[in-house]
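I opened this model to look up its chains, its ligand site, its cavities and a few backbone details. My entries follow in that order.

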Amino acid sequence: MRHFSYQRAASVEDAVRAGPGAAFLAGGTSLVDLMKLEVLNPSRLVDVSRLDLRGIEARPDGLRIGACATNSEVAAHPEVKRRFPVLSEALLSGASPQLRNVATVAGNLMQRTRCAYYRDLATACNKREPGSGCAALEGWTRMHAILGGSERCIALHPSDMCVAMAALQAVIHVRGPNGDRDIPFGDFHLLPGDHPEREFALEPGELVLSVFIPFSAAGMRSRYVKVRDRASYAFALASCAAGLEIASGKIRAAQLALGGVGTKPWRVPEAEQALQGQSPERVAFQRAAEIAVRGAQTRRDNAFKMELARRTAVRALTLAAEGA
Amino acid sequence: MKNIGDPLPRVDGPAKVTGAARYAYEWQVPGMAYAVLVTSNTARGRVLEVDASAATREPGVLAVLTPQNAMRLPGPTQGEPPDRVVQALQDDRVYFSNQPVAVAVADTFERAVHAALMVRIRSEPARHTVRLEDELANAVPHDLIAGGRSIPADEARGDVARGLREADARVEQTYETPPETHNPMEPHATVAVWEAPDRLTVYDSTQWVFAVQRKLARAFAMPKENVHVIAKFVGGAFGSKGSPWSHVLLTAMAAKQVGRPVKLALMRPHMFGMVGGRPHTRQKLALGARKDGRLTALSHQSASATSRFDVFVEGCALQARHLYACPNIESKHRIVRLDIGTPTFMRAPGEASGSFALESALDELAVALDLDPLELRLKNHAEKDPIEDRPFSSKSLRACYAEGARRFGWEKRSARPRAQTREGMLVGMGMATAAYPGNFAPAQALARMNADGTALVQSGMLEVGNGAYTVMRQVAADALGLPVEKVRFDLGDSTMPEAPITAGSISTASVGSAVLLVCRALRQRLEQMGASGAASYAEVVQRAGGAPIEERSKAAPGEERKRYTMLGHGAQFAEVLVDPELGMVRVARLVGAFACGRVLNARLARSQLMGGMVWGIGMALHEHSVYDEKLGRIISRDLADYHVASNADVQSIEPILVEEEDTVVDPAGVKGMGEIGTCGAAAAIANAVFNATGRRIRSLPITPDNLL
Ligand SMILES: Cc1cc2nc3c(=O)[nH]c(=O)nc-3n(C[C@H](O)[C@H](O)[C@H](O)COP(=O)(O)OP(=O)(O)OC[C@H]3O[C@@H](n4cnc5c(N)ncnc54)[C@H](O)[C@@H]3O)c2cc1C
């Protein structure tokens, strides 16, 4: 048997102390699944799900969401719905109600790719087994990334929540053996490059404590659009989180990130800038969408994602412009 | 007293929802060991070595069966089709990826899982192909098995070429349906208990206890009476459990080799290859018609994939033989051998995939002729079987069209595509004809009157979600004149009177008829013994000494099957909403009107039809076993990647029961309803998608990328 120890952290300090070399267990919907497949094989589990990290708290300049708040709790929170409708919509478009009731914010941030090769031990995967190769490159790529991939890995980042948080420019607050620090959302997920096995900008033992989302006018006028193969319980073929601040008929600020297309949640500041000062109309949206997918590398099965992502972005921006 | 037709709720409902209903894997006997399959990574070749040294050193591991050390079975592993060729570690050949190549056995389930993951397989791969198009040139004709009968691969009448020449409008198109994989909620599971060296008890998740009994008896060279197969509840089957697959033999072998009872369940990824599914099909349709819509030619040629080592033929072109009046018809079946697991019967095998092609082509013909699609079908309504030139035992298709169209509101459809929108969505309406054979196979039953006036009725059929416990009790109660509470119906045991496979929508008709006959016989006997009415049964039995009075009967089809064509019919109507830019399709409404002879229980009939229609949504929009062609392996290996319709995909489903009396089809007057709900559903949806978007999708499933 593969043995692993299980420890329930009594406090945040306790968890951080036990952290190095261990895996934190939250809702377990990603971690335990992958342990059963023997894709992830931690020898120690430190259960953080009962820590007092569930609060959702309004600060003067933003909302602080505890790492262990469940996806359902966050989606239903009145301040989240009012300040960041895009986040509530993104969460509700993900997984199923049962999963959302146990899945946590930090767990969602760190959920692993759904690349079928990553999950199938019979195939080569650099992320699972560095240096073994990548079966996806010559395989079935309909659900693989067209942005941010490398010669070693084109695994898609599957989260919906993260797309909204990327657009909202959230900040992730972590605590580790060397103290506390904040990680800007865009820096948290790593591109695969030569080391697809390295996925997060966390140091060993660092525990996510909370996510801070700054208030913004664009956040209040934000929407999430997800295109998928069935009405529920399916990962995105393409998705988009978009927020607009509109004053005197012009876009003053824009927030834009794509899902279902990148090896990480895909925010494109250039596309946001291109919207600034424009009238909130289709031409401007199309131009921003064009910029957002720049540099995409498609393959046989996922060539459609280019056009689909553009259309999804235009739709999300259109809905955002129409207002809540 | 009248029980038949009553919407009696499922009598086993409470047992199912409280967990009291026992499924195969839940049987527990002392000393149980647990087995987990190890499967191949290569799609074709030979196993050179199974390295189980690390696995067998693990605590609790009892054995790892490999092609090298597995017992040699004394008898053949295969019987008559539809029994399947299976892989039971008798040689080192690999025929498909995910084929069983070893079995890990341990004292706990977790240890067996881990041991299975530790086994290393070294194999010598050979060139493989899983692509239908690579082998199409080598397609060969093959006869079919459907409804328990052999049916010729090709049939024809008249001259199709001439019919096409004479036509004012023609449609010649190719349609494709993808490979689909069986995924009932309960995966396949077997528990094997050797009571003595030559006596075996097996708890199995099966659609046919007698097939399991025969396969095991044959392989282990024992009399079949020495194999006792029990299956009280089956958690869905849909064809996947009609033939005992490799794991059944492997479980019994493992139990023999470790000298303990062994249980084995397929893990979800194991489902993808070794227990079948709907094969990949490519179908060529050629239709010709006069201006007024009357068909002059109908040609349906199907090629479907099968494995290298066994044959399954998807009967796509069978409906073309019976459905429409046309002087020139041809219908052909070809098989294409690939390095895949053998496909098998999947809910409405042939009819579901074939009706997608045929009914899509008719929709295209309606467009070409500028005729309403329903009108076109009415123009070609067959009053008698067009190929056999004989009457139908009953046919109420016109009533199905009329009732379905009325309830659906077909007259609101716009003939022009993209003409209707609702809240930014394109609205489309489509329809299709449904038909499914009224199958009937020999079935036996016994009925026993007890001294307390209660009756026990038995037949070795299965409860697979079909409502057998409920409906058979109703039939028996009705024939005996008893209230349903006084009748118990028992099933799922190879010591009971023999029943046909619980598949092909055959059971209710066949076993229902046997139950009807045996209960009539018992009633007659009791009346001869002096009974006058149900209230006096107890007294009559007691007067005769108190021992239960028993009758056995058999129902079997006769000459009437040669004189009539027997089909259930229906009409499917779909309304879809399509996002004009993002391509997402929602089936807003499905209305299906069906006439299938006598309805034994309206509630259960509706739920069968509803389930079949939902299946059609999955077929139209979701189901697809995706192969990695280079690896020769199905890569969508779990229910997150292998999509079936989710609840949110199922909006309004309205099955309508159209009254029909059939005095010929079988004594119960029943044509099965397990599958007809799926027939035509995918075509109705695809036709609605065309009506919404102007895009004709000829290859399923219809996903957003097809509609950009
Ligand atoms: C069938 C299925 C469908 C799904 N569909 C979708 C979908 O459509 N869209 C979508 O966005 N998601 C989807 N998900 C993913 C789901 O959102 C994630 O599984 C979930 O959010 C993970 O949260 P968790 O709390 O269960 O994490 P866990 O499984 O407990 O942990 C996941 C990872 O996070 C780490 N971790 C957890 N908490 C902390 C912490 N405080 N600090 C540091 N590390 C931590 C763990 O060590 C582990 O590596 C689906 C999942 C499943 C199983």
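The entries below record what I looked up.

**Conventions.** I am working on a predicted model, where local features need pLDDT of at least 70, side-chain atom pairs count only at pLDDT 80 or more, and totals for chains, interfaces and linings use all residues. Residues are numbered from 1 along each chain as its sequence is written, chains are lettered from A and ligands numbered from 1 in the order in which they are written, and side-chain values use heavy atoms, with hydrogens and water left out.

**Chains.** I looked up chain A and found 13 helices and 12 strands; these are DSSP runs numbered from the N terminus, helices being H or I with at least four residues and strands E with at least two. Its C-alpha atoms fill a box of roughly 60 × 50 × 35 Å along the principal axes.

For chain B I noted 17 helices and 29 strands. The C-alpha trace of chain B spans about 75 × 75 × 50 Å along its principal axes. With 708 residues the globule value would be near 27 Å, and the 26 Å of chain B agrees.

**Ligand site.** Which residues come nearest to the ligand? I found Phe24(A), Gly28(A), Thr29(A), Leu31(A) and Thr104(A), out of 30 residues around the ligand, where near means a heavy atom within 4 Å. By class the shell has 15 nonpolar, 11 polar and 4 charged residues. Here Ala, Val, Leu, Ile, Met, Phe, Trp, Tyr, Cys and Pro count as nonpolar, Asp, Glu, Lys and Arg as charged, and the others, Gly among them, as polar.

I then listed polar contacts (pairs of N or O atoms within 3.5 Å). A ligand oxygen is 2.8 Å from a polar backbone atom of Gly27(A), and a ligand oxygen is 3.4 Å from a polar backbone atom of Asn108(A). In the side chain of Arg112(A), an N or O atom is 2.8 Å from an oxygen of the ligand. The protein covers 95% of the 980 Å² of accessible area that the ligand has on its own, by the Shrake-Rupley method with a 1.4 Å probe. Strand S2 (23-25), helix H7 (105-109) and strand S8 (207-214) of chain A are the elements giving two or more residues to the shell. H7(A) gives the largest share, 3 residues.

**Cavities.** I counted 7 cavities of 30 Å³ or more. A cavity is a set of points on a 1 Å grid over the protein atoms alone where a 1.4 Å probe fits but cannot get out, and lining residues have an atom within 4 Å of a point. Points are joined across faces, edges and corners, and the volume is the space filled by probe spheres set on them. The largest cavity has about 160 Å³. Of its 18 lining residues, Lys127(A), His157(A), Leu190(A), Glu199(A) and Thr263(A) are closest to its centre. The lining has 8 nonpolar, 5 polar and 5 charged residues.

**Backbone.** Most residues other than glycine have a negative phi, and most peptide bonds are trans. I found a cis bond between Pro81(B) and Pro82(B), with omega about 10°; Pro82(B) is in the loop between strands S3 (61-65) and S4 (93-94) of chain B. Another cis peptide bond joins Leu700(B) and Pro701(B), with omega about -5°.

Technical notes: On a 1 Å grid over the protein atoms alone, a cavity is a set of points where a 1.4 Å probe fits but cannot get out, and a pocket is an open set with protein on both sides within 12 Å along at least five of seven lines; lining residues have an atom within 4 Å of a point. A polar contact is a pair of N or O atoms within 3.5 Å; within protein, one must be able to donate a hydrogen and the other to accept it, and residues adjacent in sequence count only if both atoms are side-chain atoms. The radius of gyration is taken over C-alpha atoms; the globule rule is 2.2 Å times the number of residues to the power 0.38.
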